[in-house]
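Open the model in your viewer and keep the selection tool at hand. The stops below say what to select next and what is there.

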Protein chains: 2
Amino acid sequence: MQVSFIPGPSQLYFTLEDHMRQAMRTQVGSLSHRSKEFESIFAEVSSGLKQLLSIPSDFHIFFTGSATEIWERSVQNLVDMNSFHFVNGAFSRRYYEIALQLSKQAVKAEVPAGKGFADEVSIPSGMEMIAVTHNETSTGVSLPLDFIHSLREKNKEAIIVVDAVSSLPYPKLDFTKIDSVFFSVQKGFGLPAGLGVWIVNDRCMAKADQLLTRGISIGTYHSLPTLLANQKKNQTPETPNVLAIYLLSKVVQDMLRVGIDKIRQDTEYKAAILYHALESHPDLSPFVQEKQFQSKTVIVADCKEYVGPVTQRLLQHNLFPGDGYGEFKKTQLRFANFPTHSREQFELLVDVLGEVGDR
Amino acid sequence: MQVSFIPGPSQLYFTLEDHMRQAMRTQVGSLSHRSKEFESIFAEVSSGLKQLLSIPSDFHIFFTGSATEIWERSVQNLVDMNSFHFVNGAFSRRYYEIALQLSKQAVKAEVPAGKGFADEVSIPSGMEMIAVTHNETSTGVSLPLDFIHSLREKNKEAIIVVDAVSSLPYPKLDFTKIDSVFFSVQKGFGLPAGLGVWIVNDRCMAKADQLLTRGISIGTYHSLPTLLANQKKNQTPETPNVLAIYLLSKVVQDMLRVGIDKIRQDTEYKAAILYHALESHPDLSPFVQEKQFQSKTVIVADCKEYVGPVTQRLLQHNLFPGDGYGEFKKTQLRFANFPTHSREQFELLVDVLGEVGDR
């Protein structure tokens with residue numbers, strides 16, 4: 001069997017194909033988004049996600065076309081003037097650039113690729129939103145949850161938004177310390193791409209309402225107040241990707257059956273054996289050197305001139321690595337470690353990487 | 001077999017399930033949107049749509065999350081101050097309202113539900129965009145193509161945008177008389193919902209560039225210049241609904257094999273027999289009385305107090321009508337007449353409607 005470790009769109013969740021067959025049998029593909037059946041799928045996925053990720057009841061769950069859309073919508077709805085961005089790779093930089101494109105006075109703290117942030121980052125006062133990318137898909141840097149959770153203490157007025165696109169459902173977020181988090185379904189949840197999931201609390205709602213009252217444009221059909229008005233009916237403003245919402249509801253139920261603790265333990269086990277293999281390898285090494293910043297969900301191998309032979313050997317075993325991102329395309333490989341990847345698949349991956357070193 | 005006549009999300013195209021199976025077999029669900037395979041799917045769907053709809057080569061085809069998104073993006077990218085909207089139902093009104101929400105000075109010409117526009121609508125000069133809804137899904141009113149094509153003559157400066165959400169691929173648009181047209185895939189193309197298709201010419205591109213140069217916000221990842229820059233590589237700015245783009249490419253190929261002329265002839269035949277049945281029925285009648293405005297693709301039956309018994313009889317034959325829209329929910333039924341609906345299915349529909357009258 002072919003296994004893709006590309007960090008997104010990535011290997012489908014192992015139950016996905018069955019759910020797709022069932023969806024076709026039961027005509028989910030032509031289900032009206034104003035029907036009772038859709039409302040019950042919407043309710044199920046919301047309550048399932050809340051249970052899986054321990055999301056408190058005062059948070060709301062909305063659907064968009066992509067996580068890229070949420071970058072834009074979050075700035076539109078949560079920022080009048082100033083936003084602050086932790087930038088340490090291509091995706092966190094894109095979030096910052098989107099704020100600039102929307103004419104905000106966006107401020108960034110930036111570190112080089114492969115690095116995280118020291119504790120003493122000073123955030124100017126008066127920032128309305130602090131955007132932090134939990135897991136930089138481009139470099140395999142993950143910011144420690146303690147770091148993210150500590151932001152609130154010194155920035156009480158700011159709305160804290162976490163981009164967890166390529167890490168959820170793994171991180172155990174403390175929702176009392178953040179105001180919003182979002183992801184897209186084609187990473188850790190193993191769905192086909194085409195759906196973003198945006199989780200916000202009432203502070204976000206109040207901020208959007210305040211901007212609207214002051215006559216500031218917060219968008220139209222996907223503004224937070226419009227999303228909420230529809231969500232209260234278990235509906236969406238537009239005709240959404242009904243099929244993806246259905247598939248997400250099914251995968252979330254499957255994950256609840258496996259148990260989030262087991263998913264987290266498996267993730268840590270698989271990450272540990274892969275980092276160990278890279279650290280003890282004669283030719284390869286982890287790109288992210290500082291342990292505290294090593295992502296558990298996107299593991300980047302610095303392969304230098306061995307990218308070719310390593311890739312070749314992996315493909316012989318039907319294992320598909322992800323290319324390095326951008327400037328690192330020719331020297332790195334990226335390995336997604338998502339819930340769909342089994343311990344056995346990672347053990348095989350590690351064995352094959354070991355073989356490459358035996359010359 | 002169950003047949004849905006709900007005008008969207010509607011009955012899947014009759015080949016869709018096979019394409020979905022093939023997509024699952026070939027792992028389209030985890031295909032990278034930066035891969036060569038994706039680029040070739042993108043190229044295929046673009047050239048296929050251009051061939052099917054006779055779109056000239058100077059038009060560009062972009063993908064969004066929904067047609068609702070295109071309402072917003074078109075106003076953002078094509079209007080600084082003034083837009084003009086033909087409003088004759090819930091969906092054309094929504095387009096107008098979105099322009100207002102984006103702080104534009106939107107002007108409308110409005111007629112009651114079930115009506116079209118007389119030739120003498122006067123459009124104020126200086127309108128940057130004229131928005132016209134070819135087919136009002138809520139009421140079954142379709143504006144004659146001659147009317148749409150005549151707008152250019154008297155409004156040479158305006159960009160003419162056609163909402164053809166629930167009519168394409170049926171209408172034979174003259175692309176020399178319009179600047180943009182859009183649709184969503186869950187109507188005439190018979191796909192699961194979750195993809196909008198936005199077709200624009202270089203006048204639209206120039207207008208967006210001009211707004212951008214003047215420092216006006218035209219959005220971020222889905223601004224026209226960003227969409228074009230990616231489209232040139234057969235890519236999209238964000239991770240899109242790859243699966244839907246693949247399915248669309250397959251359905252378009254199927255439609256090319258059937259032939260657009262045959263699709264149009266079948267559409268007209270099916271519409272003719274259903275309107276005839278409604279006109280000659282003792283209890284039912286077409287809601288749209290003026291022949292020139294009777295939609296070929298969404299046919300609305302005024303059923304008065306007979307909605308219940310008619311629906312019941314149809315369901316006995318596994319035929320699912322669409323509810324009337326909004327205030328007409330209790331007195332009307334809507335019937336989609338899309339390429340997936342066969343002549344035989346419409347003949348059965350007409351027979352069953354006939355039975356209801358025999359008391």
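How far apart do the C-alpha centres of domain 1 of chain A and domain 2 of chain A lie? They lie 26 Å apart. This is a predicted model, in which local features need pLDDT of at least 70, side-chain atom pairs count only at pLDDT 80 or more, and totals for chains, interfaces and linings use all residues. Residues are numbered from 1 along each chain as its sequence is written, while chains are lettered from A and ligands numbered from 1 in the order in which they are written.

**Stop 1: the two domains of chain A**

Select residues 3–10 together with 259–357 of chain A for domain 1, then 16–257 for domain 2. These bounds come from an automatic or database domain assignment. The contact between them takes 26 residues from domain 1 of chain A and 22 residues from domain 2 of chain A; two residues are in contact if their C-beta atoms, placed from the backbone, lie within 7 Å. On the domain 1 side, α9 (260–279) and β12 (298–302) of chain A are the elements that give two or more residues. Helices (H or I, at least four residues) and strands (E, at least two) are DSSP runs, numbered from the N terminus. The largest share of that side, 4 residues, comes from α9(A).

**Stop 2: chain A against chain B**

Now show both chains. Here 40 residues of chain A are in contact with 40 residues of chain B. Elements giving two or more residues to the side of chain A that touches chain B are α1, α3 (67–78), α4 (90–101) and α8 of chain A. Of these, α1(A) gives the most, with 4 residues.

**Stop 3: helix α1 of chain A**

Select residues 16–25 of chain A; in this helix A:Leu16, A:His19 and A:Met20 are buried. A residue is buried if 20 or more other C-beta atoms lie within 10 Å of its own, exposed if 12 or fewer, and partly exposed in between, with C-beta atoms placed from the backbone. On the other side of α1(A), A:Asp18 and A:Arg25 are exposed. The buried residues of α1(A) pack against α8 (242–258) of chain A together with α1 (16–25) of chain B. Just after the helix, A:Gln27 takes a positive phi of about 60°.

**Stop 4: strand β2 of chain B**

Move to residues 59–64 of chain B. In strand β2, 6 of the 6 residues are buried, so the strand is largely enclosed by the rest of the structure. B:Phe59, B:Ile61 and B:Phe63 point one way, and B:His60, B:Phe62 and B:Thr64 the other way. Two strands pair if DSSP finds at least two bridges between them. Opposite B:Phe63 stands B:Val197 in β10(B).

**Stop 5: B:Leu227**

Which helix holds B:Leu227? B:Leu227 is found in helix α7 (residues 224–231) of chain B. B:Leu227 counts as buried because 25 C-beta neighbours are inside 10 Å. Leaving out residues up to four places away in sequence, B:Leu227 touches B:Phe62, B:His222 and B:Pro237. B:Leu227 and B:Phe62 are 165 residues apart along the chain, but their C-alpha atoms are separated by 6.6 Å.
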